[in-house]
Amino acid sequence: MSFDLDIDSHLVSSPLNQVWDQIAPGLAHEFDAPHSILAITPRPLLILNGEEDPRCPVEGLQSAIERVVEAYYLAKSPGNFK
């Protein structure tokens, strides 16, 4: 089994995303991890993710983590994020 690593194009074209756009427009694009995780800053946050989770690919999480690390650093609480 192989997965398409082009996360953004997969999310835009996936049937599941189309359903979410009907139920809650913008949820998948505006409130996904890269956007919603930042709202937790500077409170303590621990993120756990499986390496082979097809619903939350590690690659997508890594791009979010880069932004979160910066936000916690700017908030002077880098120790609150793991």
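1. Buried face of helix 5. Leu61, Ala64, Val68, Ala71 and Tyr72 are the buried residues here. Buried means under 20% relative accessible area, exposed over 50%, partly exposed in between (1.4 Å probe, protein chains only). An α-helix has 3.6 residues a turn, so residues three or four places apart point the same way. Helix 4 (33-36) is part of what covers these buried residues.

2. Basis. This is a predicted model: local features need pLDDT of at least 70, side-chain atom pairs count only at pLDDT 80 or more, and totals for chains, interfaces and linings use all residues. Numbering starts from 1 along each chain as its sequence is written, and side-chain values use heavy atoms, without hydrogens and water.

3. Length of helix 5. Its 17 residues should span 24 Å at 1.5 Å a residue, taken as 1.5 Å times one less than the number of residues. The end C-alpha atoms are 24 Å apart, which agrees.

4. After helix 5. Lys76 follows the helix with a positive phi, near 60 degrees. Ser77 lies in the segment after helix 5 (58-74). Ser77 counts as buried because its relative accessibility is 12%. Neighbours within four places in sequence aside, Ser77 contacts Pro42 and Tyr72; contact means heavy atoms within 4.5 Å. Tyr72 is itself one of the buried residues of helix 5.

5. Whole chain. There are five helices and zero strands. Helices (H or I, at least four residues) and strands (E, at least two) are DSSP runs, numbered from the N terminus. Of the 82 residues, 18% count as buried. Among contacts with a separation of 6 or more, 57% join residues 24 or more positions apart.
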